[in-house]
Every structure is written in C-alpha cells, then in structure tokens.
Amino acid sequence: MIEATLHDQKLTTRDLLQRQVISAKKFPFVASAPLAASVSPTSWLRRQTTREKLVWSNRGDSATVCGIGAASTVEADPGMPAATVFDECRRILDGDPQLNFYGGFAFRRDRPIATGPWQSFGTAKFWLPRATYDGSVMRVVVLNAADRDTSIDFLQKLHWNVEIPPSRIPPATQRRDLPELGDWERSIEKSLELFQQEVLEKIVLARKATFEFAETLCPVALSERLAAATHACYQFCFQFDGRNAFLGATPECLFKRNGRELTSEVVAGTRRRDVDVQVDRRLAEELLASTKDQLEHDIVRKSIRQRLHAHVESLQVDSQASILKLAKKQHLFSRVSGRLRANVNDGCLIERLHPTPAVGGYPTENALAEIDRLEPFDRGWYAGPVGYIGSNDAEFAVAIRSGLVGGRQLSLYSGAGIVPGSTAQLEWEEIEHKIGDFLDIIQHAG
C-alpha cells in the first residue's frame with residue numbers, strides 16, 4: 001500500500017487524470033488532480049492550442065477558472081426562450097455540482113446576428129469545457145462511456161510544459177471611432193429631442209473604438225493584463241472558434257441565483273477616480289449630488305422593481321445609492337435582493353431583467369428601436385448577459401467594458417446613459433474613461 005502511494009505521487013497530472021477516466025463507472029464523471037507544477041490559470045491557458053478557450057472569475061476574490069475544449073455545446077436560435085437553453089444545459093449536467101456551462105446571450109436575442117465576427121457567437125452559446133484549471137486543481141469531464149476515448153485523446157494533446165513565455169501585447173498602429181464625434185453629437189441632439197417629445201426618459205448609446213495591431217493579438221494575454229489592471233469586476237474571455245474572442249472586465253451583476261435566493265444590483269452614474277484622496281472624495285461627492293446621474297440611476301432602480309415585482313415573494317432595493325469604487329472609475333450603486341416565487345426560473349430572470357435601462361434605456365421598447373436607428377454597428381454580445389449555469393445556481397454579469405478580438409484587430413465597446421441634461425462632449429469623455437483600462441494596456445504595449 002505504501003509503495004502504491006509513493007508511485008501515485010510520482011505520476012504526472014496527465015497520468016493521474018487518465019487513470020481516473022479509464023476507471024470511471026458513473027457519468028457524467030469529473031476526473032481531478034493537482035497540476036504537477038503550479039502555474040497561473042491564464043499562463044496555462046496561453047500554452048494550449050485548443051480552439052475553445054475560457055476565462056471566468058466572479059467579482060471579488062474568487063479563483064479564476066480557465067477552460068479548454070468543449071465536452072458539450074448548447075446554442076440557441078433567434079427568438080428561442082432563454083429557459084430552453086437553461087433546461088438543455090441542466091439536462092446534460094445531470095445534477096453534478098462540480099460542472100458549469102459558461103457563455104452568454106447576444107444583446108438582442110430576438111433576431112439573427114449580423115454578418116461579421118459576431119456570427120461565430122450566435123444568439124446564445126454555452127459550453128461545458130472539456131478541462132478546467134483554477135490555479136490548484138485541473139478537472140476533466142467525461143460525459144458518458146462513449147466519451148471516454150475522446151477525453152483520453154484530449155489529455156494526450158495538451159501542452160504540459162510549464163516553460164511559458166511572458167504575455168506580450170503588440171503595438172497598436174491605428175484607431176478608428178464609430179461613430180465619429182460629429183455623428184455622436186447629432187445622435188445626442190436627436191435623443192434630447194425624444195426626451196422633449198416624451199418618447200424616452202433615457203437611452204444608452206454605445207461607441208465602438210477599433211484598433212489595428214502590428215501583429216496578431218492574443219486574447220488570453222490581453223485578458224491577463226486587463227485582470228491585473230482592474231478589481232471588483234467580473235473577468236471574462238470567451239473564444240469559441242480559434243479566431244474571435246469576446247473579453248472584458250465588467251462591474252455589473254445582472255443576477256445571481258442560488259435556489260430561490262436572488263441578488264442583483266443597479267450600477268448607473270459614473271465619475272473617474274483620482275490618485276489624490278481629496279480629489280477622489282470630491283468626485284464621489286459630486287456624483288452623489290448630481291441630479292443628472294441620480295435621475296439615470298433612479299430610472300434603472302425603478303425598472304428593476306417593476307420587472308421583478310410579480311416574480312418574488314419579497315424584494316429589498318437600496319433606497320439611496322452608495323459609491324462603488326473601481327480601479328479607475330466610481331459608480332452610483334444600489335443593492336437588490338429577494339426571494340423568488342417557486343415557479344420562477346433563470347430563463348424568466350434573463351427575459352425580465354435584460355436589457356436593463358443601464359444598457360438599453362427606458363421605456364425599453366422605445367429605447368431599443370432608437371438604438372437600432374442611431375447606432376451604426378451591431379452590438380453582438382456587447383451589453384448582453386454572460387456567465388455560468390450550474391445544476392441549481394447561476395450567475396450572470398452584464399458584458400459592458402468589453403472588446404472583440406479578431407486577428408490583429410480589437411474593437412472596444414462602451415456606452416453612456418443619456419438623459420435630459422446630458423451633453424455630447426461629456427458623454428464622449430465618459431466613454432473614454434470607461435474604456436480607460438484597455439487604453440492604458442494599448443498605450444504601454446509593444
């Protein structure tokens with residue numbers, strides 16, 4: 001027995017995992033083992049050559065999960081109920097609490113994605129990674145007995161060499177803004193007219209800044225840099241096809257559900273941070289005192305109450321906003337918590353809560369129609385719900401402060417809440433602050 005134990009300690013991670021896979025009797029099965037030489041999850045991920053790659057971490061101090069390969073994928077057609085996606089994922093999970101599907105929904109689920117790089121993401125896509133690593137333990141999924149050989153073959157093709165070069169971001173060579181400043185000013189003027197006509201109370205308009213780089217951009221390397229520059233954010237990177245990846249660092253939780261317990265939040269109203277403590281405090285006080293920002297925040301808070309009212313047994317929403325401080329930005333913030341009625345599922349929550357007025361506007365249908373008319377690009381997954389689906393829980397963030405990587409190109413997306421009193425120049429500058437974490441990385445690239 002002692003000899004067997006000593007032998008096991010000498011086995012590599014791959015061999016330990018392979019032995020578990022071969023001996024599996026009950027499915028789905030999760031083989032697990034510590035990585036022989038501990039490396040960071042994203043460094044390990046950069047070393048792999050699989051088409052599908054995942055980075056996910058919840059907001060706060062939770063471990064970063066990196067995933068590779070796809071044991072199973074669930075996709076949705078335009079207009080398909082969100083509940084259908086959740087039901088199919090959970091059918092495959094079969095109650096195993098160790099497994100999660102990761103992915104997201106497009107900003108608009110009611111129509112096909114336009115042509116271009118967003119097409120590989122589709123209306124909704126979730127996948128169960130074949131293998132995950134969180135900095136301590138590596139896990140490999142075997143769905144059924146017929147899947148055993150696929151899992152073993154997958155293990156043989158992984159890179160186990162821990163000699164991993166440092167991440168590198170090539171220098172940027174060009175930037176293009178869509179819309180340009182003149183068109184942006186005209187969109188704000190039109191929005192202000194719609195407020196006067198009582199068509200809208202609020203609209204969120206987005207901009208896209210596209211950068212060209214001297215070399216192919218590594219999405220995981222960019223995600224590593226972004227995580228190091230941000231805190232109190234969800235970190236995500238989804239690469240489905242080996243070419244395009246969607247990544248970001250978002251402060252905004254759409255909802256978190258465990259059983260019937262629900263939490264959500266309102267994040268709307270923004271100021272920059274400052275290294276000078278006195279200036280930073282003054283900016284926060286200015287934000288709390290701003291009629292324009294409080295109006296923007298109250299519209300979102302009111303909408304969440306209205307949308308959840310019929311679906312909860314109890315609901316608590318902060319009556320006064322506090323300040324959420326990030327690395328370079330600070331926001332008005334209100335907590336939301338409640339207990340769901342027994343028949344309310346995650347699909348219902350997606351359809352009731354998304355899009356919130358924080359990313360769309362109010363009234364919702366009018367705002368979406370004007371976004372279609374005023375924004376000169378397809379949002380794709382920008383500002384859509386991204387997260388994970390577990391057997392009896394789920395957590396989704398709102399994919400703001402995000403970018404789409406494809407080859408040597410990076411398109412950054414961010415938006416501004418437009419309400420009566422907004423000015424085009426200040427909203428343009430606010431978006432520059434919101435993409436500031438990406439801009440700092442680009443500025444110091446090369």
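Trainee: Where does Pro28 lie?

Mentor: This is a predicted model, and in it Pro28 sits in the loop between helix 2 (13-23) and strand 1 (29-34).

Trainee: Which peptide bond is cis with omega near -5° and ends at Pro355?

Mentor: That bond runs from His354 to Pro355. Pro355 belongs to the loop between helix 10 (346-353) and strand 18 (361-362).

Trainee: Let's turn to phi. What is phi of Glu198, and is Glu198 buried or exposed?

Mentor: Phi of Glu198 is near 60°, a positive value in a residue other than glycine. Exposed means over 50% relative accessible area, so Glu198, at 69%, is exposed. Find Glu198 in the loop between helix 6 (181-196) and strand 10 (202-213).

Trainee: And is Ala383 buried or exposed?

Mentor: Buried means under 20%, so Ala383, with 0% relative accessibility, counts as buried. Its phi is near 70°, again positive in a residue other than glycine. Ala383 is in the loop between helix 11 (364-374) and strand 19 (385-389).

Trainee: Which residues does Glu432 touch?

Mentor: Leaving out residues up to four places away in sequence, Glu432 touches Arg175, Arg207 and Leu439. Glu432 is part of helix 12 (residues 424-434) and, at 22% relative accessibility, counts as partly exposed.

Trainee: How many residues has the largest nonpolar core?

Mentor: That core has 85 residues, and Trp56, Phe238 and Phe396 have the most contacts inside it. Helix 4 (residues 82-93) gives the most to this core, with 6 residues. Apart from it lies another core of 47 residues, including Leu35 and Phe211.

Methods. Residues are numbered from 1 along each chain as its sequence is written. This is a predicted model: local features need pLDDT of at least 70, side-chain atom pairs count only at pLDDT 80 or more; totals for chains, interfaces and linings use all residues. Side-chain values use heavy atoms; hydrogens and water are left out. A nonpolar core is a set of buried Ala, Val, Leu, Ile, Met, Phe, Trp, Tyr and Cys residues joined through side-chain atoms within 4.5 Å. Buried means under 20% relative accessible area, exposed over 50%, partly exposed in between (1.4 Å probe, protein chains only). Helices (H or I, at least four residues) and strands (E, at least two) are DSSP runs, numbered from the N terminus. Contact means heavy atoms within 4.5 Å.
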